[in-house]
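This briefing is for a reader who is meeting this predicted model for the first time. Please look over the sequence and the structure below before turning to the notes.

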Amino acid sequence: PKIYYPMDKAEARKLFQLPDDLFIVGTVAVNRGGLPSRKTWVENLQAFAMFAADKPNVRLFVHTDLADEGYEAGIPLRPLMASLGILDKVLFCDQERYRYGGFAPEYMRHFYNSIDVLNAVSNGEGFGIPVLESQAVGTPVIVGDWCAHEDLCFAGWKVEKHEAHHWYDAQQAGWVYIANPVAIADRMGMAYRTWTGMACAEGIAGAAPYQIDTVIRDHWLPILAELEHDIRTPRSRGVLRIIRREEVFS
């Protein structure tokens, strides 16, 4: 919360020289590994193209590597955007700083405060922390109602499972969902129609329990105390002797 908190939107946009009258969809997602993309870049960009077709005042702001030369086997995004006719409506973060470092902590606070909705639909997430960062500043999110994201949407819109095609991945022993671009575009439209520019209190409250001080106090410290108790109790003999390498391989 010392980094991610609500700001005046106009003030946040000054860093990027963005006008106040734009409706901005943001994306914070890695671009690596080729196709199929875990972050469903193709479907999300298709969705934005549908959404933006009749709206001159909308933009997509992407915080990612554009992989112009296939860096980390990423999808070259500029040609894809050009083929969808949206290249002139997309804003990019500084590519050199994204790849090699150099963004100050407050940069992302300004980013999340400057956008109007974060589109974070993907086909799988172990956690998906950008949706919490975005909601912590009061910016709503669009996510898929599967994987970790189904539990982390406090302010925003979900794409439902029946709006995605899916298959069973035996390696993960679970189902993989890829959202229909039409459904994602529909949620962008919902965000656009309810656009107020005001911080969303539900998102701020929902993200609060995940702040690091709270996690340490409520979860880590009790677990560490239990472990210490187990180690120190007589029934736990602990480490009796370190086995030397030569004893094992003699």
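Setting aside the neighbours within four places in sequence, Leu 77 makes contact with Asn 31, Trp 41, Leu 45, Thr 64, Asp 65 and Leu 66. Leu 77 also belongs to the largest nonpolar core, which has 34 residues, and is one of the members that touch the most others, together with Val 25, Leu 45, Phe 48, Phe 51 and Met 188.

**Nonpolar cores**
- In soluble globular proteins, nonpolar side chains tend to be buried together.

**The sheet**
- Six strands form an open sheet in the order β3-β2-β1-β4-β5-β6, and their pairing is parallel.
- Because β3 (90-92) and β6 (156-159) stand at the edges with a single partner strand each, one side of each is left without a neighbour in the sheet.
- On average, and with direction ignored, neighbouring strands of the sheet are turned by 25° against each other.
- Within the sheet, β1 (residues 23-28) and β2 (residues 58-63) run parallel and are joined by six bridges, with Phe 23 standing opposite Val 58 in β2.

**A helix on the sheet**
- Helix α7 (residues 181-193) packs on the sheet, where it touches β1, β2, β4 (117-119), β5 (141-144) and β6, and the direction of α7 makes about 165° with that of β6.

Methods
Residues are numbered from 1 along each chain as its sequence is written. This is a predicted model: local features need pLDDT of at least 70, side-chain atom pairs count only at pLDDT 80 or more; totals for chains, interfaces and linings use all residues. Side-chain values use heavy atoms; hydrogens and water are left out. Two strands pair if DSSP finds at least two bridges between them. Helices (H or I, at least four residues) and strands (E, at least two) are DSSP runs, numbered from the N terminus. Axes are lines fitted to C-alpha atoms, for helices over the stretch in contact, and angles run from 0 to 180 degrees between N-to-C directions. Contact means heavy atoms within 4.5 Å. A nonpolar core is a set of buried Ala, Val, Leu, Ile, Met, Phe, Trp, Tyr and Cys residues joined through side-chain atoms within 4.5 Å. Buried means under 20% relative accessible area, exposed over 50%, partly exposed in between (1.4 Å probe, protein chains only).
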